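Dear colleague,

Please find below the structure that I am handing over to you.

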Amino acid sequence: APTQQSRTVLGLPPTLLPIWLAVLVQMLGVGVTLSTLPLFLTKLGSSPNQLAAIVSTFSIAQVVGAPALVAISNRVGRLTVLRACLTGNAVASLLTAFSSGWRGVAACRFIAGLTAASVPVAQVSVADVVPPGAATSKALSRMASAASLGIILGPAFGGFVGELARSALGVTSAVGQCRYIFAASSILSALVLVLSCRVTIPPPVVHRSDSTSASATDDDATAGSTRVATTERPPPYAQALCRWSALVTSFSFTISVISYSLFAMRHLGYGQRELALTNSAAAAAALAVNLLFLPWLLDKLGESVVAALGLIVLG
């Protein structure tokens, strides 16, 4: 019979599926915000500088909140922290729906940023459950696919809710449609929060480097872990390089989406529907790469070469 580690769904152990779903919904909320917030604030009379300040508010709060929540998840559990992330996303989206100006929206985005640790917590969960090596890289790519899928579905979800509010409820103003979109995003996060309360994941698995039997002692396991740490220690600049790469890619992504949204509204006459389709198409390309191309490329070239190629393409 297949073991727990050999059974997979979407390329992940079943124990990680609740976390995958939490990442999906959290990033769907981000996708809704990226596609709807520029239109919402513009129609409320906010300036591009105020929009930029709100986007930065979210990012600054995320810098503070994400490391703290990851550390807390070591004590209280990954799912507990992910539930807190879903709660923060639901509250922030609901309050945004009732905001009347950019200051209120900025406060909501600060709340969302403080609790936007779903992706790093999910990455730590992968390290807890999946054996180190190629399996970890593939599982991380599946988590990245959940984030990409959320970004795809977010704008499409926003466009659908906006059209539904217009056709079924007679909401003709762009501001009114945006309010319904944020409220619907809040409800979706709350539903997944309720669903997550019905599942559990096991404690972290201690991965050993040798092939000892199930009856090996704790001392043997500790020795095996020590050998892995001694022989596979990364170079001292590895963490700095990884963090710099993450900073560059996140900065480029955010600047591109926000700037293009403002440009398209002002010079191309885009509304909610067009912004949703454009952002969803771009995120769909990212999802296709994560699901179909990236795992094969990792097997062929290795993580470092693939990361370097990604940065070159981004540049």
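The notes below describe what was found, beginning with the overall fold and ending with single residues.

Please bear in mind throughout that this is a predicted model.

Overall fold

The chain contains 11 helices and zero strands. Read from the N terminus, its elements therefore run α-α-α-α-α-α-α-α-α-α-α. Of the 315 residues in the chain, 40% are buried. As for contacts with a separation of 6 or more, 78% of them are between residues 24 or more positions apart.

One such separation in sequence can be followed by eye. Ala-308 lies in helix α11, which covers residues 303-314. Ala-308 and Ser-245 are 63 residues apart in sequence, yet their C-alpha atoms are 9.3 Å apart in space. Ala-308 has a relative accessibility of 36%, so it counts as partly exposed.

The nonpolar core

The largest nonpolar core has 57 residues. Leu-16, Ile-19, Leu-37, Phe-40 and Met-143 are the residues with the most contacts inside this core. Helix α1 (residues 17-43) gives the most to it, namely 15 residues.

Aromatic rings

A pair of aromatic rings is described by two quantities, the distance of the centres and the angle of the planes. In the whole structure, the search finds four aromatic pairs. One of them joins Tyr-260 and Tyr-270: the ring centres are 6.5 Å apart and the planes stand at 80°, so the pair is edge-to-face, the term used for angles over 60 degrees. This pair links distant parts of the chain, with Tyr-260 in helix α9 (residues 238-267) and Tyr-270 in the loop between α9 and α10 (272-301), 10 residues apart. Ring pairs also bring in Phe-263, which forms a cluster with Tyr-260 and Tyr-270.

Tyr-260 has a relative accessibility of 32% and is partly exposed. Tyr-270, at 24%, is partly exposed as well.

Salt bridge

Side chains of opposite charge can pair when their charged atoms come close. How many salt bridges does the structure have? The count comes to one salt bridge. It is formed by Glu-163 and Arg-166, whose closest N and O atoms are 3.0 Å apart, and the cut-off for such a pair is 4 Å. The two residues, Glu-163 and Arg-166, are three residues apart in helix α6 (residues 134-169), so about one helical turn separates them. Glu-163 is partly exposed, with a relative accessible area of 27%. Arg-166 is partly exposed too, with a relative accessible area of 40%.

Cysteines

A disulfide is a covalent bond between the sulfur atoms of two cysteines. The search of the whole structure finds zero disulfides.

With kind regards

Notes: Residues numbered from 1 in each chain as written. Predicted model: local features only at pLDDT ≥ 70, side-chain atom pairs only at ≥ 80, totals over all residues. Heavy atoms only, no water. Phe/Tyr/Trp six-rings, centres within 6.5 Å; stacked < 30°, edge-to-face > 60°. Helix = DSSP H or I, 4+ residues; strand = E, 2+ residues; numbered from the N terminus. Buried < 20%, exposed > 50% of the residue type's maximum accessible area, 1.4 Å probe, protein only. Core = buried A, V, L, I, M, F, W, Y, C linked by side-chain atoms within 4.5 Å. Contact = heavy atoms within 4.5 Å. Disulfide = S-S within 2.5 Å. Salt bridge = Lys/Arg side-chain N within 4 Å of Asp/Glu carboxyl O.
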